[in-house]
Every structure is written in C-alpha cells, then in structure tokens.
Amino acid sequence: MTDASMDNPPPARARSLRQADANTRRRNAAEKRFRAYGMVAILTGLFFLTVLFVSIIRSGAPAFTRTVVNVEFTLTQDQMDAAESELFKTKAYSNLFIAALQGKLEERGMSVEFDEAAIERLLGKVGGTLRAHYKEFPDDVGKPVPFELAASSRVDGYYKGRVNRETLQDSRFLQLSDLDLVDALEEAQIIKQAFSWTFITGADSGVDNPGGAGIGAAVVGSFFMMLVVLVLSLPIGVAASIYLEEFAPQNRFTDLIEVNISNLAAVPSIVFGILGLAVFIQFMHLPQSAPLVGGLVLSLMTLPTIIISTRASLKAVPPSIRDAALGVGASKMQAVFHHVLPLAAPGILTGTIIGLAQALGETAPLLLIGMVGFVARGYPDGFVAGFTEPNSAMPAQIYTWAARADASFYEKAWGGIIILLAFLLTMNIIAIILRRRFERRW
Amino acid sequence: MPLFWLILIVLVIAAVGYMLGRSRALANAGGDSRELHSLPSYYGWNVALKAMVPTFVLLIVWLLVQPLYVNSVISGMIPANVIDDGSSRGLVMAEVRRAANGLDNAVAQGVMDEEFARNARADFTDVSQVLKDAGQIVTTEVTQPVLRAAQRYRIVNATGYQIMSIVAVVLALAGTLFALRETRALFRARNVVELGIHALLVGAASIAVLTTVGILLSLVFNTWEFFKLYPASDFFFGLNWAPSFSGRGGSSDLGVLPLLWGTFYISIVALAVAVPIGLFAAIYLSEYASPRIRSIAKPLLEILAGIPTIVYGLFALLTVGPLLLKVFGNEGLGWMQAGTAVMTAGLVMGIMLIPFVSSLSDDIINAVPQAMRDGSYGLGATQSETIRQVVIPAALPGIVGAILLAASRAIGETMIVVLGAGAAARLSLNPFEAMTTVTAKIVSQLTGDADFASPEALVAFALGMTLFVLTLCLNIIALYIVRKYREQYE
C-alpha cells in the first residue's frame with residue numbers, strides 16, 4: 001500500500017492551506033456577511049426598543065409636572081369686609097390678588113403691566129379660589145397664606161414647548177403679552193414646575209381642561225376589572241387544567257376541548273369584544289362600560305393563557321409524587337389536590353400574574369363594551385358600585401386621551417402609558433421573582 | 001345589592017352545614033373517626049356542596065332567563081301604535097328599561113317614594129321632569145304607555161328577584177337537610193364528594209367550548225340579521241365602503257373588499273419588517289451568539305412582545321407618523337399627505353411582531369438535531385452554509401408556521417390600525433396613503449351612535465365573522481404545520 005503511494009506521488013498541490021484562494025475568500029466573506037446580518041437584525045430590534053422607550057419617557061414625563069404659581073398672600077379683615085360688601089365679590093378678591101402680585105414684582109424691581117383678564121387667562125378664576133379658601137378657613141385672615149395656583153394649560157404648554165412665541169396667535173385663551181408676564185413671573189421665581197399629584201390621583205376631566213385630567217379613576221376601574229378576572233379565571237383555569245392534565249380520558253370530547261383552548265388563545269382580542277357586546281350587553285343587559293363586563297370579557301381572554309401555563313406546571317410535577325401518594329392509600333383526587341397542586345402552585349401563580357398583566361394592557365375589547373369616550377369624573381362610591389358603575393380603565397383612558405383633538409391630551413396619554421407600563425413591569429418582576437425563588441427542578 | 005347578600009347567606013348556610021355534617025357523622029360513629037368510612041371533613045363537604053352547587057346553578061340560570069322572560073312579557077304589553085316609523089319594538093323596550101332604571105334610582109335617592117314610582121301617570125304629572133331632576137338620563141318625553149310598561153317592568157322584575165331569593169334559600173336549606181339525613185358512619189362521603197368535584201372540573205373545562213360557542217352564536221346570529229338587510233353578494237364583492245350615518249340604511253355601500261385589501265396590505269408591510277429581522281435575529285441567537293449575549297438579547301427582544309398594543313398605537317400616531325411625514329411628506333419627498341398611513345401602521349406592527357417571529361423560529365431552529373449540523377461541518381461547509389443549506393431547510397415548515405401565526409396576529413391587530421392607519425377605506429397601491437382595516441371598522445361601526453338594528457351597526461358582526469374565519473384558518477394551518485414538524489424530530 002505504501003509502496004503504491006510512493007510510486008504515484010500525489011499531484012503537486014495547486015493551492016496551499018496557508019494561502020486562501022479566491023473561492024475560500026469568497027466563502028469566508030459570505031460567512032462574515034451572514035453573521036453581520038444577524039447582528040444587524042438584533043441591533044435593529046434593540047434600536048426599536050430604545051426608540052420606543054425614549055419616546056415614551058420623553059413625551060410622558062411632562063404629564064407628571066404642572067406649572068404652578070406660588071404666591072404668599074395676606075388678607076386683612078378690613079379688606080375682606082370691603083370685598084364682601086361689593087357686588088362682584090370674586091372680582092374684588094382678584095383685584096386684591098393682582099395688587100399683591102404687582103407688589104411682589106415691584107419688590108424685585110420689575111414692572112409689567114397686566115390686568116384682570118390676563119390673570120384669568122393665566123390662572124383661571126383666582127378670585128373665586130381665594131374667596132372659597134377664606135370662607136372655609138376664616139382663621140387664615142390676617143395671616144400670610146401661601147397659595148399654589150395651577151397655571152392654565154396654555155401656559156403649561158409654553159413651559160413644555162407646545163406653545164411658543166412664534167406660533168402663538170392671540171386668542172381669548174392666551175395672548176402674546178401674557179407671555180411677557182409669565183417670563184417676568186419666572187424671573188421672580190413665582191411661577192415654576194411642580195410635581196402633579198392631580199395626574200396620578202385625579203379623575204378624567206372634560207375635553208376643555210387637559211390640565212386637570214388624571215388617571216386615578218381609571219386605575220381604580222382597572223383594579224376592579226382585574227379583581228373580576230382573578231376571581232373568575234384563576235379557579236376556572238386551574239380546574240380546567242387539572243381535569244385535562246390529570247383526569248381527562250382520551251376521547252373526542254377531550255380533543256374538542258384541547259382544540260378549542262389552543263384556538264381561543266389565538267383568536268383576535270376584538271372578537272372577544274364582539275362576544276362581550278352581544279352576550280353580556282345585548283343579551284344579558286348588564287350595565288355598559290361597567291368594570292364587571294370588562295372583567296368578564298377579559299376573563300374569557302385570559303383563560304387560555306392560564307390554562308396553558310397551569311398545564312405546563314402540572315406536567316412538570318414528576319409522576320413519582322402521584323405514585324407515592326397513591327401508594328400510601330390516597331385517592332386520585334387526594335393525590336392531585338394534596339400533593340400535585342401545591343407543588344405546581346408557584347408555576348400557576350407565575351402564569352396567572354403574566355395572564356393578568358396581559359389582560360391589564362388589553363384595549364380592543366374594552367372599546368366595544370363602551371369603556372371609551374366615557375368621562376370618568378370620579379371614583380366609584382363603594383365596593384359593590386366599583387363593579388357595576390360605569391368607569392374607565394387605564395388603556396381605555398389612554399385611548400380616549402389619544403383620540404381627543406387637543407394636543408395637550410397627548411402628553412397625558414404618554415404619561416398614562418408610563419403608569420400602565422410601571423404596573424406591568426411590577427407584575428412581571430413579581431412573576432420572575434416567584435419563579436426564581438420557588439421553581440423546583442426535579 | 002341583594003344578590004351579594006343572597007350569595008353570602010347561601011355561603012353561611014353551607015358553612016353551617018359543613019359543621020353539622022361533620023359533627024353528625026362523628027356522633028354517629030360514637031366520636032371515633034376510625035369507625036367512619038371517610039375522613040370527617042368529607043361528610044362536611046358533602047353537606048356544603050349539596051347546599052351550594054344546586055343553589056348557584058339555579059341562581060345563574062335564573063339570572064339568565066329572567067330578563068328574557070320579563071322582556072317578552074313587557075314587550076307584548078306595548079301597543080303597536082306606540083312604535084313610530086323608523087323605530088322598532090327593541091328601541092321602545094330600551095326606552096322602557098331606561099325609564100324603569102331611572103325610577104329605581106330615583107327611589108333609591110329618595111327623590112320619589114315607592115308609591116309614586118308605582119302609580120304615577122305620565123298624563124297627570126310630568127314624570128320625565130321629575131326623573132331629570134333626580135339626575136337620571138331620560139332621552140325623550142316619557143309617554144304614558146312607556147311609563148306603564150316601565151312600572152310593570154319594575155314590578156315583574158322585583159317579584160322575580162324576590163321569588164328567586166326565596167327559592168334559592170329554600171333550595172340551599174333543602175340540600176343541607178337532605179345531605180344531613182344521609183350522613184351516617186358508613187355513608188361513602190369521599191366517593192360522593194369526589195364525584196361532585198370531578199363534575200365541577202369537567203364543567204370548568206367545558207367553559208372553553210362554551211366560549212367558542214358563544215363567539216360563534218353571537219357572530220352568526222347578527223351576521224344573519226345583517227344579510228337579511230343587506231345582500232351578501234354586495235358585502236363580499238362590493239368595491240366601495242361608504243356607510244351612511246343616518247342609520248336608516250339603503251344608502252350605504254358596505255363592500256368588504258377595500259377593508260380586506262387594507263388589512264392585507266398593512267399585514268404584508270408588517271411581515272416585511274418582522275420576518276427578516278425576526279428570522280435573522282433568531283438565527284444569530286441560536287447559532288452564533290454566546291450564552292451571555294443570548295441571555296441578554298433574548299429577554300430584551302421579548303419585552304417588545306409584552307408591551308400592550310395601545311402603546312404601539314400611540315407610538316404610531318404620535319412618533320412614527322410625524323417622523324415618516326417629515327421624510328416622505330410634502331417637505332421631503334412629497335409622497336405622503338398625513339401621518340396616518342399604511343406604512344406607519346405596518347412599520348409599527350412589524351416592530352411588535354419581531355419577537356413573535358424570533359422566539360418561535362428560535363425554538364424551531366433549536367429543535368433541529370445537532371447531528372445534521374455536524375454532518376454538514378464534516379463535509380467542510382462553513383457555518384453560514386450549514387445554516388442556509390441544512391438548518392433552514394430542515395426548519396422551514398416550522399418557520400412557515402411561525403410566520404403564519406404572526407400573520408394571523410397582524411390581521412387581528414386592532415389598536416395600532418385604529419390609531420395609526422387612518423379611517424378612509426380605499427383600494428390603492430400607495431403605501432403612504434391612509435387605508436383602513438377590518439378591525440378598525442368593527443370598532444368605528446360599533447362605537448358610533450348608529451342604531452343596533454341598522455345594517456351600519458350589524459355589518460360589524462359580518463366583519464367580525466370574516467375576521468374570525470380568516471384567523472381561524474391561518475391558526476389551524478399554522479398549528480398543523482408546527483405540530484407535524486415537531487413530531488418529525490422527536
């Protein structure tokens with residue numbers, strides 16, 4: 001054998017391993033390109049993610065601040081008596097306020113001309129606010145009281161860049177001369193940005209008052225909805241999973257259920273909205289835009305998610321546990337409820353939280369059952385009323401704001417999204433922690 | 001809320017029954033639980049279940065049936081001459097229900113006494129004014145027949161609920177007594193309770209089937225109503241979508257084709273964004289990336305899937321739309337008129353679908369056996385050649401399934417198109433024009449103030465049916481492909 005190879009030496013190599021020929025170079029270049037495509041794809045995805053979050057935070061942050069005017073104001077008893085004796089009482093109060101404000105500006109050596117109309121454009125009806133305060137707290141008369149008055153949404157817009165001097169047209173809402181006053185007040189550090197609790201705790205306002213709109217009532221609506229979802233879909237989902245995983249015989253009925261569940265998981269959410277509208281509102285006459293109806297629809301939507309994750313965690317419990325339980329004389333039901341279910345509980349909980357988070361952000365079905373366009377002006381009065389009284393929900397409220405013509409509501413919509421995402425993030429983090437802490441590998 | 005209290009009462013009866021059943025069984029066995037057939041708690045549960053389950057089933061059925069019954073009784077009371085032209089019995093019934101509700105609330109507020117609410121006559125006193133004063137919504141003048149029907153409605157309803165409460169409590173007590181009577185030491189309580197729980201489990205599992213049945217029924221019935229008012233051929237083959245807003249019908253063009261075109265066009269744009277990015281991301285993550293990069297990049301990409309669609313909708317409307325307008329609008333290339341367009345919605349939807357495609361493809365590529373790769377390397381192929389010529393062809397059916405699932409997502413997506421795609425239905429090829437989709441029109445037809453019985457509102461159900469059938473087909477095909485492929489390598 002060796003001789004043969006000696007006799008016929010291999011033909012001299014045309015190519016060397018040390019020197020890449022054209023074909024190899026081409027193939028290596030193709031390899032590099034292919035790798036680069038993958039990198040680019042991932043980076044593009046991450047780029048989109050970054051852009052999304054940057055634009056949410058940049059546009060949403062202003063919703064959490066509002067422009068306020070801080071004025072320390074002293075009302076003497078004489079001034080009050082004089083004002084109360086006049087025909088236009090609130091006008092008298094606002095004249096006093098204007099005088100005080102002018103005094104403050106003059107102290108700092110600035111003089112800006114402004115009248116009552118300008119103050120009303122900037123701060124709304126100041127006189128009424130002041131009078132109401134002194135009527136409520138008569139003891140404050142004669143003492144210096146610090147007032148924090150919210151500036152109008154146009155002034156707010158001037159601070160946040162929605163309104164500027166070039167594009168501003170004089171109207172009954174704001175005039176160019178008012179901006180001079182705002183600038184002067186800013187220099188005197190009377191007007192400034194403050195954290196807006198109204199946005200977090202308040203209810204929705206009408207279309208003409210973007211400044212007063214808050215998401216608090218919608219958060220409460222969402223909370224009641226999630227309560228319904230939790231109470232309905234967790235027990236039903238777990239029961240259904242236990243049946244399918246532990247008891248169901250192999251027959252057509254079981255197949256039918258299985259096919260149904262996997263299909264329901266992929267049905268577009270708007271179809272569930274149609275179901276809710278037709279069955280719960282048209283047929284059963286449940287109250288429109290009530291969190292109860294929203295919760296029912298979202299429960300049906302969440303069920304497949306919970307069933308799928310519960311089945312996975314039931315499946316993860318090793319059969320030896322069941323066998324051991326059966327071996328010491330437990331019935332099948334006892335084995336499942338006393339041993340398998342507690343061991344699967346962390347997984348079930350994690351799946352439930354993720355399902356709830358999904359339901360919390362779902363909007364489309366809520367549009368159809370009338371939770372949109374509804375102005376949630378206040379909190380529900382009482383626990384039972386929370387379910388049946390019309391209310392909004394967080395995503396529906398965001399949609400309502402986005403659909404309004406006034407651009408200052410957009411900022412509120414972005415702000416609402418920050419709050420919604422904060423809730424989702426918290427829920428997901430809890431789910432991850434639960435999984436990390438309690439997950440058992442068998 | 002009486003229902004709340006009723007449920008509480010039944011629960012209390014059940015709890016008492018549990019205690020009684022348990023102690024009765026123990027007493028029967030002379031206090032020695034070893035003499036019992038089952039554990040003592042099973043005797044308690046037997047009583048509690050027999051008190052609760054029939055009662056709650058009865059409550060649910062009653063609550064479903066009573067409104068139907070009351071409706072049919074009351075609507076038979078309304079004389080035909082009250083129903084004006086252009087109105088319908090259903091509308092008058094809605095009026096009656098509103099008036100009855102108003103009366104209820106007014107009584108609850110103390111503005112009206114029960115006597116007045118029951119016997120007031122619209123021809124003598126101005127009931128609508130009284131209701132308005134009480135802050136109730138009254139759309140039109142409450143006429144005497146409507147008021148009479150409303151009063152009757154209240155009475156029938158109230159009596160119905162009274163009977164229901166009594167029957168429920170009696171049933172709960174009867175169940176308790178029956179179960180207590182059969183409680184003896186040798187009674188097979190565990191077997192009975194487990195049978196009951198088994199039945200409850202089957203019931204819970206059937207809810208999925210019930211949901212599907214509910215969806216199908218609500219779609220089919222209303223679609224049928226729609227096709228009685230509007231010819232089916234015009235709906236399926238009409239090239240024009242122009243609903244009239246009068247709610248009278250007749251003058252509306254309700255062709256589905258422009259909407260389907262918009263839906264498909266937007267989905268195609270979305271898939272054109274999501275499929276290349278998602279697929280290459282999946283390939284990189286499963287074949288090239290080090291475990292470290294994988295553990296960071298994969299969850300980050302999957303965040304995109306967890307963001308609610310309303311966020312994407314707002315992103316399309318307020319960020320992407322204006323951005324595209326700056327580039328392609330009149331100041332730039334001049335192709336685009338407004339921020340809402342096929343391109344806007346498609347691009348944002350594509351971003352949403354990236355993780356969908358990438359996660360599913362990732363799983364599928366990972367499922368390709370390592371032996372196939374090793375064989376390819378052994379023949380001298382580079383890694384990318386292996387991927388292109390061995391891994392991808394092997395994973396292709398699964399990837400197609402993943403893409404089909406993503407397509408079904410895109411077709412059913414609502415919020416992004418409602419906010420980002422515009423409202424005009426047109427058949428056009430320009431991706432920078434505003435178009436609309438099936439889902440967006442379902443929303444706009446059902447949230448407007450068209451009358452529920454008009455073709456303009458009912459068309460939404462026909463659209464929903466179209467959507468449901470489309471996505472169902474896509475899902476079934478996709479699931480079939482994915483499942484078949486999985487079996488191949490396991």
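This is a predicted model: local features need pLDDT of at least 70, side-chain atom pairs count only at pLDDT 80 or more; totals for chains, interfaces and linings use all residues.
Colleague: OK, chain to chain, then. Which residue does A:Arg27 meet in a salt bridge?

Modeller: Side chains of opposite charge can pair when their charged atoms come close. Between chain B and chain A, the count is 1 salt bridge. A:Arg27 has a salt bridge at 2.9 Å, N to O, and its partner is B:Glu385.

Colleague: How much area do chain B and chain A bury between them?

Modeller: The size of an interface is often given as the accessible area lost when the parts come together. Here buried area is what two parts lose on being put together, summed over both, with a 1.4 Å probe. Contact (heavy atoms within 4.5 Å) involves 81 residues of chain B and 72 of chain A. Carbon and sulfur atoms carry 80% of the buried area, and the total is about 6,800 Å².

Colleague: And which residues of chain B lose the most area to chain A?

Modeller: Three residues lead on that side of the interface. Together they account for 9% of what chain B's side buries, and they are B:Leu201, B:Tyr284 and B:Leu314.

Colleague: Moving inside chain A: which residue pairs with A:Glu258 in a salt bridge?

Modeller: The closest N and O atoms of A:Glu258 and A:Arg311 are 3.0 Å apart. The pair spans 53 residues, from helix H11 (252–264) to helix H13 (291–316) of chain A, helices being DSSP runs of H or I with at least four residues (strands are E, at least two), numbered from the N terminus. A:Glu258 is partly exposed at 30% relative accessible area, where buried means under 20%, exposed over 50% and partly exposed in between (1.4 Å probe, protein chains only).

Colleague: In chain B, how many residues apart in sequence are the parts tied together by B:Arg373 and B:Glu287?

Modeller: Their side chains meet in a salt bridge of 2.9 Å, N to O. B:Arg373 sits in helix H13 (370–378) and B:Glu287 in helix H9 (257–288) of chain B, so the tied parts are separated in sequence by 86 residues.

Colleague: Is B:Asp362 buried or exposed?

Modeller: B:Asp362 meets B:Arg294 in a salt bridge of 3.3 Å, N to O. That pair ties helix H12 (342–366) to helix H10 (291–306) of chain B. B:Arg294, at 25% relative accessibility, is partly exposed. B:Asp362 has 1% relative accessibility, so it counts as buried.

Colleague: Which residues does B:Ser358 touch, leaving aside those up to four places away in sequence?

Modeller: B:Ser358 is in helix H12 of chain B. Its relative accessibility is 5%, so it counts as buried. The residues it touches are B:Gly278, B:Ala281, B:Ala282 and B:Leu301.

Colleague: Which helix gives the most residues to the nonpolar patch?

Modeller: The patch has about 860 Å² of accessible area, and its members include A:Phe283, B:Val53 and B:Leu200. B:Leu64, another member, is partly exposed at 34%. With 8 residues, the top contributor is chain B's helix H2 (40–77).

Colleague: How far apart are the end C-alpha atoms over residues 457–482 of chain B?

Modeller: UniProt (unreviewed entry) lists that stretch among the "transmembrane region" features of chain B; such annotations may be inferred rather than shown by experiment, with feature names shortened and positions given in the numbering used here. The stretch is 100% helix and 0% strand, and the separation of its ends is 38 Å.

Notes. Residues are numbered from 1 along each chain as its sequence is written. Chains are lettered from A and ligands numbered from 1 in the order in which they are written. Side-chain values use heavy atoms; hydrogens and water are left out. Patches are made of residues with over 30% relative accessible area and no salt bridge: like charges are joined within 9 Å, nonpolar side chains (Val, Leu, Ile, Met, Phe, Trp, Tyr) within 5 Å. Accessible areas come from the Shrake-Rupley method with a 1.4 Å probe; for residues, only the protein chains shown count as cover. A salt bridge is a side-chain nitrogen of Lys or Arg within 4 Å of a carboxyl oxygen of Asp or Glu.
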